[in-house]
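These are my notebook entries on one protein chain. I record what I looked up and in what order.

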Amino acid sequence: MIVESLTPLLSLLDKYETKATFFVLGTVAEKHPEVIENLHKKGHEIACHAYSHDTLYKLGPAGFEKEIFKSVELLEKYKPIGFRAPSFSINNDTKWAFEILEKYGFKYDSSIFPIKTMLYGIPNAPTHVYHPNKQDISKHDPSGKIIEFPLTTVKIGFNFPIAGGFYLRVLPIWFLKWGIKRVNKNRPAIIYLHPWETYKEIPKFKLPMFSRFEAYHGISSALFKLEELLKEFKFAPVKEVLANEI
Ligand SMILES: [Zn+2]
């Protein structure tokens, strides 16, 4: 499934000569090393998304370190310097993650969502690139070693997420473009996707009308929007965007 779902995404990136950052799960690197090698050969950045996709809340410090150790070993050849936590599960309850990331040679993290949701987010965290303080990761600390590139939000009274995933699928394209332009006045924006979010699963039942809708809906909601954004904006891997700060 990962291979099939990556194909249309990779052709789209090729079409617009765009390189991206792939936050790779250890389980995927273990099962499909050739897929990761192919991403690397194409010039994309290989970064880390931990091993199992369990949240940091569930893993705890010891479990998380085990996952990072394993993932870093699996991705050793690519020397990953970037990390994204599964389900954006870094907040002040899991701030110990920064110590572990530092220990394993990571230079940047991109997991903090400066919004409030039931599952994740640090609503008062900066919306721009900063160095989290280890005692309170919503605060900037110039001596902090890890650089945080928070997930993109646009301020409309409160921080509104426009960065990708679910938001990319449900928000209208005009709003996404408007939001990115607004953010780009003073900072870069991040667009993220899981490969499965672009991929139409094979319907289990033969319901022609339903599957047609699914097919159309799948394309219109993720790949179509991504293509519209690739036409209008210039994207680069995170490590390139942060090159002056790393
Ligand atoms: Zn994920």
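Among contacts in the chain between residues at least 6 apart in sequence, what percentage join residues at least 24 apart? I found 69%, where two residues are in contact if their C-beta atoms, placed from the backbone, lie within 7 Å.

I note that this is a predicted model, in which local features need pLDDT of at least 70 and side-chain atom pairs count only at pLDDT 80 or more, while totals for chains, interfaces and linings use all residues. Residues are numbered from 1 along each chain as its sequence is written.

Entry on the whole chain. I listed nine helices and seven strands; helices (H or I, at least four residues) and strands (E, at least two) are DSSP runs, numbered from the N terminus. Along its principal axes, the C-alpha trace spans about 55 × 45 × 35 Å.

Entry on burial. I read that 34% of the 246 residues are buried, that is, 20 or more other C-beta atoms lie within 10 Å of their own C-beta, placed from the backbone.

Beyond four places in sequence, Phe22 contacts Leu39, His44, Glu45, Ile46 and Ala47.

Entry on Glu67. I located Glu67 in helix α4. Glu67 counts as buried because it has 24 C-beta neighbours inside 10 Å. Its C-alpha atom is separated by 5.8 Å from that of Ala50, 17 residues apart along the chain.

How values were computed: Buried ≥ 20, exposed ≤ 12 C-beta atoms within 10 Å, placed from the backbone.
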